[in-house]
Structures are given as structure tokens and as C-alpha cells.
Amino acid sequence: MTLVYPDFVKELERYGADSASDCFNCGTCAAICPLIYDHFPRKMIRYIQIGAKDRILENSDELWRCLHCGRCTLTCPREADPGEVLLALKRFVVDNHRRSANV
Ligand code: SF4
Ligand code: SF4
């Protein structure tokens, strides 16, 4: 069963991302991203918006593909700063693993 966490956008703020709600899923970031990979990073931001925390954790290895080139952030028409959102997701994933491992 897939759980949904409606407050995940808010939770992510403490990892440094407060702009995920601004995204309107136009797909510009996915089109400009040099990775050309499975609607990345738009897909991750959509997961945040719908509270699909488990999906993000299941696919977290994708986050480490990001080159942090900044092209997505520069071209986002909503100034949703997808590059910074990805960094926040990485912090969230690392913290989640740390808490799961109880260290
Ligand atoms: S370019 Fe910006 S508004 Fe468009 S999908 Fe990407 S993050 Fe969302
Ligand atoms: S910062 Fe990452 S997600 Fe954004 S365009 Fe560059 S490689 Fe793609």
C-alpha cells in the first residue's frame, strides 16, 4: 500500500526547500536537463507535491545522478528552483537513512 504524506512539502522546508509548491509541472526542467532521464527532475517535484515520500525514497538513487549544473533552476518559468529542491531531497534522504539506522 502506498502512503501519502500531505505535509511533505512543509516537512521539506527544514531541509532547505520552500519552493516545491510553486511548480506547475510544465516539464521545462525535464526538457533542459542534460540527463534526459525519465522526466527528471519534474517527476521528483511532483512526488513532493502529492506527498509520495515513499516513491522518493524508493527512487532516491536518481537524485545522485544530478550534476547540479543549475540549468533547471535557470529556466524554470515559476522560479520553483528545482536544483535547490533536489539538494533538499538529498538531505532528507540522508537524514531518513540515518534515522532508520538509528545513528
Ligand atoms: S520547470 Fe519549474 S515549473 Fe516547470 S516542471 Fe520544472 S520545476 Fe516545475
Ligand atoms: S541541476 Fe540536476 S536536475 Fe537540474 S538540469 Fe542540472 S543535472 Fe538536471
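In the predicted model, ring pairs join Phe8, Tyr15 and Phe92 into a cluster. The structure holds 2 aromatic pairs, where rings of Phe, Tyr and Trp (its six-membered ring) pair if their centres lie within 6.5 Å, and planes under 30 degrees apart count as stacked, over 60 as edge-to-face and the rest as tilted. The ring centres of Phe8 and Phe92 are 5.0 Å apart and the planes stand at 65 degrees, so this pair is edge-to-face. Phe8 belongs to helix α1 (residues 8–12) and Phe92 to helix α6 (residues 82–101), and the pair thus links parts of the chain 84 residues apart. Helices (H or I, at least four residues) and strands (E, at least two) are DSSP runs, numbered from the N terminus. Tyr15 and Phe92 also form an edge-to-face pair, with 5.8 Å from centre to centre and 75 degrees between the planes. Here Tyr15, in the loop between α1 and α2, is linked with Phe92 in helix α6, 77 residues apart. Phe8 and Phe92 are buried, and Tyr15 is buried as well; buried means under 20% relative accessible area, exposed over 50%, and partly exposed in between (1.4 Å probe, protein chains only).

Rolling a probe the size of a water molecule over the atoms shows where empty space is left. On a 1 Å grid over the protein atoms alone, a cavity is a set of points where a 1.4 Å probe fits but cannot get out, and lining residues have an atom within 4 Å of a point. Grid points are joined across faces, edges and corners, and a volume is the space filled by probe spheres set on the points. The count comes to 1 cavity of 30 Å³ or more, and the largest cavity holds about 90 Å³ of space. Its lining has 13 residues, with Cys23, Cys26, Cys29, Cys76 and Pro82 nearest the centre. At least two lining residues come from each of α2 (28–32) and α3 (42–49). By class, the lining consists of 9 nonpolar, 3 polar and 1 charged residues; Ala, Val, Leu, Ile, Met, Phe, Trp, Tyr, Cys and Pro count as nonpolar, Asp, Glu, Lys and Arg as charged, and the others, Gly among them, as polar.

Ligand 1 takes up the space of the largest cavity, a molecule being placed in a cavity if more than half of its atoms lie within 2 Å of its grid points. Around ligand 1 are 13 residues, of which Cys23, Cys26, Gly27, Cys29 and Cys76 come nearest; a residue is near a molecule if one of its heavy atoms lies within 4 Å of it. The residues around ligand 2 include Cys33, Phe40, Pro41, Cys66, His68 and Cys72, and this shell has 9 nonpolar, 2 polar and 1 charged residues.

The peptide bond from Phe40 to Pro41 is cis, with omega near 10 degrees. His39 has a positive phi of about 60 degrees, and His68 has one near 55 degrees.

Residues are numbered from 1 along each chain as its sequence is written, with chains lettered from A and ligands numbered from 1 in written order. In this predicted model, local features need pLDDT of at least 70 and side-chain atom pairs count only at pLDDT 80 or more, while totals for chains, interfaces and linings use all residues, and side-chain values use heavy atoms, with hydrogens and water left out.

Notes:
1 Å grid on protein atoms, 1.4 Å probe; cavity = no way out; pocket = protein on both sides within 12 Å on 5 of 7 lines; lining within 4 Å.
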